[in-house]
Amino acid sequence: MKSMPIVLPTLLLLVLKASGLSAFGQFDPGADGLASHWSRLPVEVIVDGGTLFGGNEGLRMVQEAAEIWNGVTGVPRLFSVSEQADSIDYRLDNMDVWNVLDRRVRVVFDEGGEVLLNSGIDPDSRVLGIADTIADSTGAALQGVVIINGHPTVSDFPDTVAVVVHELGHILGLTHTPIGFGGLEPVSRANRPTMYPFTESRNMDTLEADDIAGVRSIYGQGR
Ligand SMILES: [Zn+2]
C-alpha cells in the first residue's frame with residue numbers, strides 16, 4: 001500500500017491540558033520549521049466529495065475559510081476554491097487519485113480517521129486536522145493536503161471552519177506562532193493568533209496581526 005508522504009505533520013490540537021502535553025511534544029519548531037511557498041497564486045483548492053458534514057457543507061466551510069485568508073491585504077489573492085466538491089470521496093483506498101503532485105491543494109474529510117492513522121497519527125487523539133506540503137529543493141510547493149479528522153471522538157468539534165483556516169495557514173507556509181505559550185506571556189483566547197497550535201472552542205477563525213504579518217512576509221509585494 002502506498003503510504004501518505006507526510007513528512008512534517010503540523011498539528012492543530014484540541015485541548016491543552018495535562019494529558020495533552022505529550023501531544024504538544026509533536027510540535028517541533030525545528031522540524032515544523034521551514035516552510036514551502038507557492039510560486040503561483042491563487043492556489044487552487046479542491047474539496048473532498050465525501051459527505052462527512054452532509055451534502056455540500058464541507059465545501060462551504062472550506063470556501064469560507066479560504067475567504068478569510070483572501071481578506072488579507074497587501075498580498076495577491078491566496079486561494080481559489082473549487083465551486084463544486086470533487087466527484088469522488090477521498091479515502092485511504094483511493095489515495096492514488098487525490099494524493100498527487102499537481103501543484104494543487106486537496107482538503108480531505110477523513111470520515112473514520114483512516115487516512116490520519118495511515119499517516120501515523122492516532123485519530124482518537126485530540127488532533128483536529130493536519131496539513132502537509134511537498135516541495136521541490138527550492139521550497140516551491142508541489143502539493144498540499146489538508147486532512148480534517150472526522151473520527152467520532154473529535155468530529156463534533158463545533159468550529160471546523162476555524163480548523164480549516166489554521167490548516168490553510170500551514171499550507172501557505174506558516175508555522176505555529178510562538179505568541180501566547182511556551183514561556184511567553186499568555187494571550188487571551190480572543191486575541192490568539194489563528195496559528196496558535198491549540199484550541200478549545202469556536203471563534204478561532206479570525207486572523208490576528210501575527211497571522212497577517214506572517215503571510216505578508218511570504219507573499220507580500222515589494223518584500
Ligand atoms: Zn497547526
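Which residues are buried in α6? In this predicted model, they are Thr160, Ala162, Val163, Val164, Val165, His166, Glu167, Leu168, Gly169, His170, Ile171 and Leu172. Here a residue is buried if 20 or more other C-beta atoms lie within 10 Å of its own, exposed if 12 or fewer, and partly exposed in between, with C-beta atoms placed from the backbone. Residues are numbered from 1 along each chain as its sequence is written. As the model is a prediction, local features need pLDDT of at least 70 and side-chain atom pairs count only at pLDDT 80 or more, while totals for chains, interfaces and linings use all residues.

That leaves α6 mostly covered, with 12 of its 13 residues buried. Helices (H or I, at least four residues) and strands (E, at least two) are DSSP runs, numbered from the N terminus. From first C-alpha to last, α6 reaches 18 Å, close to the 18 Å expected at 1.5 Å a residue; the expected span is 1.5 Å times one less than the number of residues in the helix.

Now for the strands. β2 (residues 43-47) puts Val43, Val45 and Val47 on its covered face, with Glu44 and Ile46 on the uncovered one. It runs parallel to β3 (residues 79-81), joined by three bridges, and Glu44 has Ser80 of β3 as its bridge partner. Strands count as paired if DSSP finds at least two bridges between them. β2 also pairs with β4 (residues 105-110), again in the parallel sense and over three bridges; there, Ile46 stands opposite Arg106.

Between β2 and β3 the chain passes through α3 (residues 57-70), and the three make a right-handed β-α-β unit. Right-handed here means that, with the strands pointing away from the viewer, the path from the first strand over the helix to the second runs clockwise. Buried residues of α3 include Leu59, Val62, Ala66 and Trp69. What covers the buried part of α3 includes β2, β3, β4 and α6.

The largest nonpolar core has 47 residues, of which Val45, Val62, Val108, Val146, Val164 and Leu168 touch the most other members. Such a core is a set of buried Ala, Val, Leu, Ile, Met, Phe, Trp, Tyr and Cys residues joined through C-beta atoms within 7 Å. Elements giving two or more residues to this core are β2, α3, β3, β4, α5 (114-118), β5 (127-135), β6 (141-149) and α6. Leaving out residues up to four places away in sequence, Val45 touches Val62, Ala66, Phe79, Ser80, Val81, Ser82, Val105 and Val107, where contact means backbone-placed C-beta atoms within 7 Å.

Most residues other than glycine have a negative phi, and most peptide bonds are trans. Even so, a cis peptide bond joins Leu41 and Pro42, with omega about -5 degrees; Pro42 sits in the loop between α2 (29-32) and β2. Ser39 lies in that loop between α2 and β2 too, and counts as exposed because it has 12 C-beta neighbours inside 10 Å. The C-alpha atoms of Ser39 and Leu142 are separated by 9.5 Å, although these residues are 103 residues apart along the chain. Arg103, in the loop between α4 (95-98) and β4, has a positive phi near 60 degrees. With 15 C-beta neighbours inside 10 Å, Arg103 counts as partly exposed.

Definitions and conventions: Contact = placed C-beta atoms within 7 Å.
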